[in-house]
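Please look at the sequence and the structure shown below, and keep both in view while reading. The paragraphs that follow lead from a sheet to a pair of helices and then to a loop.

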Amino acid sequence: MTDITISPARPEHAPYIAQAVLMAVGEEIELSLAGGEDRRHLALEAFTELAARTDSQYSYLNTLVATDAEGRVAGVLVSYDGARLLELRRSFFEVAARVLGLHFDDSLEAETDPGEIYLDSLAVFPGYRGKGLAGRLIEAAAERHAGSGKPLGLLVDVPNTGAYRLYTRLGFGKAGERPFAGVMMDHLQRRL
């Protein structure tokens, strides 16, 4: 897959970042956030706004995009310093209340650790899967954050055996468990 370029996202990538975040959280959580199938477009609207902002955990500033030779987005990886989660997710709380009618506060349990670089959302779009792109995005994030001295961390749903195999192959090991959106997930880390 030599015709794929990985680079920092730009504001115009916001709709693709939003799609990737929703793909990464899964349909069940997406529908829960949206409030039902008939409101699904609102979840996309909310995450597109968050991706276009500079003060959001889902910001294009925190995102790498993989594009093909024609400039089409093939994959997305959102990552940031876990120590910034509380600061960055304030915009999520604001947009979730305004667009989705959901109300969160700082008592919401953190899905990341302040001592890690958190790989928040990773998605490869159909047509580009099975070609090693997810691994390339993770390695690009590792390079991007190499100066931090912090390990990479992520959450994986245990039944997602394909993702679990990928992360294990890339050197991630279990560091514990953490809840995300009411689901207990394995917390994996990898030293840079």
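Strand β1 and strand β2, the latter made of residues 63-67, pair in the antiparallel sense over 4 bridges; two strands pair if DSSP finds at least two bridges between them. The model is a predicted one, in which local features need pLDDT of at least 70 and side-chain atom pairs count only at pLDDT 80 or more, while totals for chains, interfaces and linings use all residues. Residues are numbered from 1 along each chain as its sequence is written, and side-chain values use heavy atoms, with hydrogens and water left out.

Both strands belong to an open sheet of 7 strands with mixed pairing, whose order is β1-β2-β3-β4-β5-β7-β6. Because β1 (5-8) and β6 (173-180) stand at the edges, each with a single partner strand, one side of each is left without a neighbour in the sheet. From one strand to the next, the twist averages 30°.

Now turn to the helices. Two packed helices are described by the angle between their axes and the distance between the axes. The axes of helix α3 (residues 40-52) and α5 come within 10 Å and cross at roughly 145°, where axes are lines fitted to C-alpha atoms, for helices over the stretch in contact, and angles run from 0 to 180 degrees between N-to-C directions. The contact (heavy atoms within 4.5 Å) involves residues including Phe47 and Leu50 of α3 and Ser91 and Phe92 of α5.

Ser91, found in helix α5 (residues 90-100), is buried, with a relative accessible area of 4%; buried means under 20%, exposed over 50%, and partly exposed in between, using a 1.4 Å probe and protein chains only. The side chain of Ser91 reaches the backbone oxygen of Asp55 at 3.1 Å, and a polar atom of that side chain also lies 3.1 Å from the backbone oxygen of Leu88.

Finally, Phe172 lies in the loop between α7 (161-169) and β6, and Phe172 is buried too, with a relative accessible area of 5%. Although Phe172 and Arg190 are 18 residues apart along the chain, their C-alpha atoms are separated by 4.5 Å. Leaving aside neighbours within four places in sequence, Phe172 is in contact with residues including Leu119, Ile138, Tyr167 and Arg190.

Note on methods
Helices (H or I, at least four residues) and strands (E, at least two) are DSSP runs, numbered from the N terminus. A polar contact is a pair of N or O atoms within 3.5 Å; within protein, one must be able to donate a hydrogen and the other to accept it, and residues adjacent in sequence count only if both atoms are side-chain atoms.
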